[in-house]
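Look at the model first, then read the points.

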Amino acid sequence: MGTAEIKDGILNDAVFMGVRASVGVIFILHGMGKFNPGFANALPNMGLPPELQIPIALAEVVPGILLIIGVLSRFSGALLAIVMVGAIFHVKGAQSMTGDGGVEFDVILLAASLLIMVAGPGRIAIAQAARRIPRILH
């Protein structure tokens, strides 16, 4: 393995970890706000029953945590992509890319979630370390 390959590998791993951590933190912060009773009161205005408050909040917080630690990253990316499709089309109506009600931030989160779903967590993840343990022990 040449020096360029080593640098590319380390850079690639760091970038995947950074994307996972960034997306995870954003979803944790957004999801935590949804535990506020005011969010439940706003759900009927979005055409959703208030009983969905906790499932929606958990659908953002739990995958966010899993992304940061690097466990079930592909599943978490898929779940967050579904959440973002709902936000873009159901909540905001996909009426504008920018400005009031714009979906540009939502589209970026959708793209990042899809990237994680397709590419996986990278090598700096608990899931990757757990796969290596049996090889190290033998």
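The points below cover the fold, the surface and the largest pocket.

This is a predicted model: local features need pLDDT of at least 70, side-chain atom pairs count only at pLDDT 80 or more, and totals for chains, interfaces and linings use all residues. Residues are numbered from 1 along each chain as its sequence is written, and side-chain values use heavy atoms, without hydrogens and water.

**Fold**
- The protein chain has six helices and zero strands.
- Its pattern along the sequence is α-α-α-α-α-α.
- Helices (H or I, at least four residues) and strands (E, at least two) are DSSP runs, numbered from the N terminus.
- Take contacts (heavy atoms within 4.5 Å) between residues at least 6 apart in sequence: 59% join residues at least 24 apart.

**Surface**
- Of the 138 residues in the protein chain, 33% are buried, meaning under 20% relative accessible area with a 1.4 Å probe, protein chains only.
- The accessible surface is about 8,200 Å², by the Shrake-Rupley method with a 1.4 Å probe.
- Carbon and sulfur atoms hold 71% of that surface.

**Largest pocket**
- A pocket is an open set of points on a 1 Å grid over the protein atoms alone, where a 1.4 Å probe fits, with protein on both sides within 12 Å along at least five of seven lines.
- The volume of the largest pocket is about 520 Å³, the space filled by probe spheres set on the points.
- Its lining has 23 residues, each with an atom within 4 Å of a point.
- Lys34, Glu60, Val83, Ala87 and Val91 lie nearest the centre.
- H4 (73–91) is among the helices that each supply at least two lining residues, and H4 gives the largest share, eight residues.

Note on methods. Buried < 20%, exposed > 50% of the residue type's maximum accessible area, 1.4 Å probe, protein only.
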